[in-house]
Amino acid sequence: MIQRKLKPGDLVVYRMTKRSTRPGPRARLVEPAPHGEQYSYVVDKFWVVAESRDDNKVLLRTRRGKEHLLNADSTNLRMATWWERLLFGHRFPRLEKMANCN
């Protein structure tokens, strides 16, 4: 599969794996731990590409301005689909805010 090179401004979805005693309402693929104390689950994070680097890394920015440096070919990272942009547009960072974070 040929993956499109991510460029600044691209909207992406990152599937983050989490563990806790109480999964939130956006948790998916919830599985209990063997002894039932915790659950493991995944949550989709809606981020924007702030910078694409030559070493196959991308700098991603969250709605609140946090930054994450990840491999561009991570299996948990993908481009947002058109319907995710439509339905979850409010969960992606605003480009105007990104300009103010620099």
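**Salt bridges in the predicted model**

The side chains of Asp44 and Arg15 meet in a salt bridge, with 4.0 Å from N to O. Asp44 belongs to strand β3 (residues 39-52) and Arg15 to strand β1 (residues 11-20), so the contact ties together parts that are 29 residues apart in sequence. Strands here are DSSP runs of E with at least two residues, numbered from the N terminus. Asp44 is buried at 14% relative accessibility, whereas Arg15 is partly exposed at 34%. Buried means under 20% relative accessible area, exposed over 50% and partly exposed in between, for a 1.4 Å probe and protein chains only. A network of salt bridges links Arg15, Arg28 and Asp44.

Residues are numbered from 1 along each chain as its sequence is written, and side-chain values use heavy atoms, leaving out hydrogens and water.

A salt bridge is taken as a side-chain nitrogen of Lys or Arg within 4 Å of a carboxyl oxygen of Asp or Glu. The count by this rule is six salt bridges. Among them is the pair of Asp10 and Lys7, whose closest N and O atoms are 3.5 Å apart. Asp10 is buried, at 8% relative accessibility, while Lys7 is partly exposed, at 43%.

Arg53 and Glu51 also form a salt bridge, with 3.0 Å between the closest N and O atoms. Arg53 is partly exposed at 30% relative accessibility, and Glu51 is partly exposed at 34%.

Terms used
Predicted model: local features only at pLDDT ≥ 70, side-chain atom pairs only at ≥ 80, totals over all residues. Helix = DSSP H or I, 4+ residues; strand = E, 2+ residues; numbered from the N terminus.
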